[in-house]
Amino acid sequence: MKSKLINLTLLILLMNFNYLLAQNNNPCSCCTENYGAFDFWIGDWTVTNTEGKTIGANKIVKMQNGCVLQENWIASNKTNTGTSYNFFDASDGTWNQVWVSNTGYVLRLKGNINADGSMVLRSKLVESTNGNYYNQITWSKNDDGSVTQRWVILNEEDEIIRTDFEGIYKKM
């Protein structure tokens with residue numbers, strides 16, 4: 001009886017040890033290349049328009065053990081603010097953004113890094129009485145370390161209807 005108890009105790013200890021080893025094999029489940037693809041956007045930024053005029057500030061932080069990028073935008077005039085959560089969804093291999101502004105505007109985007117290394121995220125088709133369209137935002141890392149963000153509206157044929165925002169992010 002005593003040897004059965006010892007064997008059972010050893011078996012339980014061995015199982016717990018294997019469980020602990022398995023947990024330590026992957027200390028950071030979001031520390032992969034896919035989860036790091038948008039890291040070029042992390043930082044404290046001054047945002048200017050294409051003419052060089054400051055239009056706002058943005059702080060992008062990595063959180064949740066590297067699984068999420070959180071954006072915190074504030075326009076220079078302090079009237080427009082917003083937060084987005086950006087994350088890689090391993091179930092479908094895409095990057096996703098959910099943006100909410102202080103006006104209650106919500107934007108959901110999905111996409112990935114393109115061949116040039118730019119992050120390109122697009123909304124589902126928005127059906128409108130003025131015509132159907134897509135929102136598409138592209139973030140491109142520039143040679144000087146800045147990032148250009150360009151938000152365009154596309155028609156159903158993927159033609160640009162207009163540019164809603166173009167900002168140059170420079171580290172503070």
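Apart from its neighbours within four places in sequence, Ser84 touches Trp41, Leu69, Gln70, Glu71, Gln97, Val98 and Trp99. The model described here is predicted. Ser84 belongs to strand β4, which covers residues 81–89. This strand is part of a closed barrel of 10 strands. The chain also has 2 disulfides.

**Ser84 and its surroundings**

- Ser84 is buried, because its relative accessible area is 0% and the limit for buried is under 20%.
- The side chain of Ser84 has a polar contact with the side chain of Glu71, at 2.6 Å.
- Another polar contact, of 3.5 Å, links the side chains of Ser84 and Gln97.
- Both of these partners, Glu71 and Gln97, are also in the list of residues that Ser84 contacts.
- Across the strand pairing, Ser84 faces Trp99, which sits in β5.
- Trp99 is likewise among the contacts of Ser84.

**The barrel**

- The strands of the closed barrel follow the order β1-β2-β3-β4-β5-β6-β7-β8-β9-β10, and their pairing is antiparallel.
- On average, neighbouring strands of this sheet are turned by 25° against each other, with direction ignored.

**Strands β4 and β5**

- Strand β5 spans residues 94–101 and runs antiparallel to β4, joined to it by 8 bridges.
- One of the paired positions is Asp89, whose bridge partner in β5 is Thr94.
- The hairpin of β4 and β5 has 4 residues between the strands, and Gly93 in this hairpin takes a positive phi near 70°.
- Of the 8 residues of β5, 6 are buried, so this strand is largely enclosed by the rest of the structure.

**Strands β5 and β6**

- Trp95 has Gly111 in β6 as its bridge partner.
- The hairpin of β5 and β6 also has 4 residues between the strands; here Gly104 takes a positive phi, near 90°.

**The disulfides**

- A disulfide is a covalent bond that links the sulfur atoms of two cysteines.
- Cys28 and Cys31 are joined in this way, with 1.8 Å between their sulfur atoms.
- The link of Cys28 and Cys31 is right-handed, with 70° about the S-S bond.
- Cys31 counts as exposed because its relative accessibility is 55%, and exposed means over 50%.
- The other bond joins Cys30 to Cys67, with an S to S distance of 1.8 Å.
- The torsion about the S-S bond of Cys30 and Cys67 is about 90°, so this disulfide is right-handed.
- Cys30 lies in the loop between α1 (2–24) and β1 (43–48), and Cys67 in the loop between β2 (54–63) and β3 (68–75), so the bond ties together parts that are 37 residues apart in sequence.
- Cys30 counts as buried, because its relative accessibility is 6%.
- With the bonded cysteines of the chain numbered in sequence order, the pairing reads 1-3, 2-4.

How values were computed: Residues are numbered from 1 along each chain as its sequence is written. This is a predicted model: local features need pLDDT of at least 70, side-chain atom pairs count only at pLDDT 80 or more; totals for chains, interfaces and linings use all residues. Side-chain values use heavy atoms; hydrogens and water are left out. Helices (H or I, at least four residues) and strands (E, at least two) are DSSP runs, numbered from the N terminus. Buried means under 20% relative accessible area, exposed over 50%, partly exposed in between (1.4 Å probe, protein chains only). A polar contact is a pair of N or O atoms within 3.5 Å; within protein, one must be able to donate a hydrogen and the other to accept it, and residues adjacent in sequence count only if both atoms are side-chain atoms. Contact means heavy atoms within 4.5 Å. Two strands pair if DSSP finds at least two bridges between them. Axes are lines fitted to C-alpha atoms, for helices over the stretch in contact, and angles run from 0 to 180 degrees between N-to-C directions. A disulfide is a pair of cysteine sulfur atoms within 2.5 Å.
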